[in-house]
Structures are given as C-alpha cells and as structure tokens.
Amino acid sequence: MTPSVHGIHHVTAIAGDAQENLNFYVRVMGMRLVKKSINQDVPDTYHLFYADGVGTPGTDLTFFPWPEMGPAKLGTGLTVEVLFAIPKGSLSYWQERFEKEGVVFGKIETRFDEKTLPFKDPHGLPLALVEMDDERKFVPWKGSPVPTEYQLRGLNAVRLWERDLKPTEKLLTEVMGFEHLGTEEGWHRYGIEGGTSGKIIEIKELPEEQRGRWGTGSVHHVAWRMKDSDEEIALRNSIIEAGLKPTQQIDRFWFKSVYFREPGGALFELATDGPGFSLDEETEHLGEQLVLPPWLEPRRKEIEAALPSLEMPRLRA
Ligand code: ZN
C-alpha cells in the first residue's frame, strides 16, 4: 500500500533580521528555540527552529533570516498563512498579549466552525491562532513567558493560494492521502487521518492572481511527517509516478528529507519524525549553542565568523 503523510512536520519561512525574529518568537509567542543552526545549503545563514518544550514533530516553525532579500510578493503557488493550535478559551489571553506587545492582529473569524485570530509577525509573515481541543502530542516549555495553559500546541494547518486547484488537489488526494473535508468562502479544506489539528491544508483557487514570490515574510516550504525512511522513499516513488520531480533523500541529521514542488509551484518537503532534535543536545540545553551537522563541524570557525551575533532575549525573572 502507498504510504500517506501524517500531518505537518514543520514549516520553514523567511525572516528579516535574525535578532528581531528570535525576540518575537521567544518573548512574544513563548516558543522555545530548540535549535540554533545554519542553512545547510547556505552556511552563512542561520536556521532557527522554534517549537514546544522539546521540539515535538508538528510544533516546529523554522526560519532562514535573509534581511537583504526584500519583502515577499503575495500570489499563487505560495503558502499564504500558517495556523497554530491553541487551547479553547485562550484567544482573549492572546488578544491582550498582542495588544500589549504591539503585534498587528485582525478580528476573530469563524472558519469551519473554528475561532481563528489572524496576525502577522514583525516581518509580515501571515499567521493565525485557532482554538482547538484535539488531542495532540505537546510538551510545555517551562521557561516560556506564556503560561502552559495558553502555550501554542503546535502547527494546526497551512493555507495556500493556487492558480489552478485541480492538479494540487489530485496530488493531495491521490498521492499524499488527503481527503476533501469541505469548502467555505472559497477555501477548500483537505485533511489527513481525519483532519484533526496539525493534519489540515486549505487551498483557495485564484485563477486571475499572479504568481507569488519568496521574500521576507513568506513561507519557504511546508514539511509533511513521515514515520521513517522506508515510508518516505515509498512515497517519493509515488510522487515520481505522478510526474513530479522530488530530490533524492537528503540527510538533515535531525531528520531525513525529500523536497519537491507541488503542481502549483509551492515547495513541499517530506521529513521523517526521527531521530529528532535531542540527537546532539540534551533536552535541557536545546538551542543554547550553534549546532552544526557533523560534516560541517570542521568549518565551525569560518561559519561562526560569517554569522551575525544573536542574543537570547531576556524573559521575565
Ligand atoms: Zn524543512
């Protein structure tokens, strides 16, 4: 049987200034920096990973800070919003927090019967919080400035704009294992394994819209969970049979990855759940040091010299 994906593994986006990015996600969003590394393909760029207390797959939003890149151009073939799950009843806490911190946020919307608060990060990345009581694997971060009862439970869904819905829908439903769950205000919702929190993608078809372009404040790629390497290789084969061109499996050290463009142009990744972020750091010390995969360790001095300095924001005592 062809394997399916099992939900969102992580989302990677493009930020402006690295320090501003770190301050926002740790100090305002209360997420833990679980890994401070570099872009393995562009080693003079940080790769910052924010997640729950231990980096549970599906909780992780990561960034390449590329301030010189300029702002993204909203359009088709892009992931246009990243949604986090929060416990039911916690939206008013977040509204107050955003107010106090000067975060740009919108009105509470009801989408597919779910209370949703759209907002933006300091570099314009469109995000939203969704009240949700679905069972999720989540480990609170004790050092967070956000009390455990309000902390983000993980990535809930992603939203994409496409010029043509059908080819992407075909990939989702016939290759990746999604089913169509409903349509509301032009948004087509697809879910995997029942479509509970973290297992949702929504697509809007905009045939007149121009192609979007990467830049600061845009999503770079969405990674989908695979149980293990064998499953990932099998799904990679199905993706080839569907006429797409995935990369070879690449060892990202904390997981194994395959990248491909879905038919509308957005970049997807398949990523294995293991081995995970505790492979090279103790859970208590995640994110404290610059971590390099073993094959880049010999170049550490040179890599560190090329990176801007980055300080952990001060949290309440
Ligand atoms: Zn990735």
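View 1. Along the sequence, the donors of the zinc ion follow the spacing H-x210-H-x47-E. Two of them tie distant parts of the chain together: His-10 sits in strand β1 and His-221 in strand β13, 211 residues apart. Strands here are DSSP runs of E, at least two residues long, numbered from the N terminus. The zinc ion is held by His-10 (NE2), His-221 (NE2) and Glu-269 (OE) at 1.9 to 2.1 Å. Donors are N, O and S atoms within 2.8 Å of the metal (3.2 Å for Na, K and Ca), and water is not among the atoms, so sites may look incomplete. This is a predicted model, in which local features need pLDDT of at least 70 and side-chain atom pairs pLDDT 80 or more, while totals for chains, interfaces and linings use all residues. Residues are numbered from 1 along each chain, and side-chain values use heavy atoms, without hydrogens or water.

**View 2. The largest pocket.** Welcome to the largest pocket, with 20 lining residues; Glu-81, Glu-109, Arg-111, Pro-118 and Arg-159 lie nearest its centre. A pocket is an open set of points on a 1 Å grid over the protein atoms alone where a 1.4 Å probe fits, with protein on both sides within 12 Å along at least five of seven lines; lining residues have an atom within 4 Å of a point.

**View 3. The second largest pocket.** Here 19 residues form the lining, and Asp-41, His-47, Phe-64, Arg-252 and Tyr-259 lie nearest the centre. Strands giving at least two lining residues each include β1 (8-15) and β13 (219-226).

Technical notes: Helix = DSSP H or I, 4+ residues; strand = E, 2+ residues; numbered from the N terminus.
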